[in-house]
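Please look over the model below before reading my comments. The points are meant to be checked against it one by one.

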Amino acid sequence: MIHLHITSWVLAIILALYVGHGYKHGQKVKVPHMILRLLYFVILGTGLYLFISIPGKENMPSDMKMLYNVKMTLGIIMLGVFEYFTVSSKKNRKMVVPATIFTVLILALLYVGFRLPQGFHFFA
Ligand code: HEM
């Protein structure tokens, strides 16, 4: 399940950049945008599953619980930021703020995600 989670957010990042770029240059990116929206459900579903299927999480140390809370909250906010980023580009708004929030959140998610025990732990 961790691989599906990783695959889905990697694809979503690529698609969000592609769709944002496409709208800015007047290309037709409606279908990739729809696929991106479907991926939000895959990311959310796999993320929640990864958490729910942790055995004995009632006895998890509180700092670890906190880290999971931060990870999942940031993850859910990121889904909104994907939409904020692509729609800002569609409406021809200035992209500095959406692009900054996008980058900062992704970096934070990679850091927290790779600190947590399942899958890879580059920062643990
Ligand atoms: C675009 C949004 C997201 C990104 C970029 C992201 C990124 C990551 C990364 C880098 C990992 C670690 C993978 C590994 O160690 O191999 C991870 C794991 C995880 N993610 Fe996400 N994630 C996102 C959304 C979500 C959402 C929405 C949820 C749940 C509501 C979630 C819950 C989890 C959980 C529970 C884990 C397993 C952590 C562990 O036990 O090691 N993620 N994610």
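1. Basis. This is a predicted model, in which local features need pLDDT of at least 70 and side-chain atom pairs count only at pLDDT 80 or more, while totals for chains, interfaces and linings use all residues. Residues are numbered from 1 along each chain as its sequence is written.

2. Overall fold. The protein chain has four helices and zero strands, where helices (H or I, at least four residues) and strands (E, at least two) are DSSP runs numbered from the N terminus. The order of elements from the N terminus is α-α-α-α. The C-alpha trace spans about 50 × 25 × 20 Å along its principal axes.

3. Of the 124 residues in the protein chain, 21% count as buried. A residue is buried if 20 or more other C-beta atoms lie within 10 Å of its own, exposed if 12 or fewer, and partly exposed in between, with C-beta atoms placed from the backbone. Among contacts in the protein chain with a separation of 6 or more, 67% join residues 24 or more positions apart; two residues are in contact if their C-beta atoms, placed from the backbone, lie within 7 Å.

4. Helix H1. H1 has 23 residues and reaches 33 Å from its first C-alpha to its last, close to the 33 Å expected at 1.5 Å a residue; the expected span is 1.5 Å times one less than the number of residues. Its buried residues include His5, Trp9, Ala12, Ala16 and Tyr23, and the buried residues of H1 pack against H2 and H3. Just after H1, Gly26 takes a positive phi of about 65 degrees.

5. Helix H3. H3 has 29 residues and reaches 42 Å from first to last C-alpha, close to the 42 Å expected at 1.5 Å a residue. Lys71, Met78 and Phe82 are among its buried residues. What covers the buried residues of H3 includes H1, H2 and H4.

6. Nonpolar core. How many residues does the largest nonpolar core have? There are 14, and those with the most contacts inside it are Ala12, Leu15, Ala16, Val19, Leu36, Leu39 and Phe82. H1, H2 and H3 are the elements that give two or more residues to this core, and H1 gives the most, with six. A nonpolar core here is a set of buried Ala, Val, Leu, Ile, Met, Phe, Trp, Tyr and Cys residues joined through C-beta atoms within 7 Å. Leaving aside neighbours within four places in sequence, Ala12 is in contact with Leu36, Leu39, Ile43 and Phe82.

7. Ligand shell. The ligand is surrounded by 26 residues, the closest being Gly47, Gly75, Gly113, Leu116 and Gly119; a residue is near a molecule if its C-beta atom, placed from the backbone, lies within 6 Å of it. H1 (2-24), H2 (30-52), H3 (62-90) and H4 (96-115) each supply at least two residues of the shell, and H2 gives the most, with six.

8. Val112. This residue is found in helix H4. Is Val112 buried or partly exposed? Val112 counts as partly exposed because it has 17 C-beta neighbours inside 10 Å. Not counting residues up to four places away in sequence, Val112 touches Leu67, Val70, Lys71 and Leu74.
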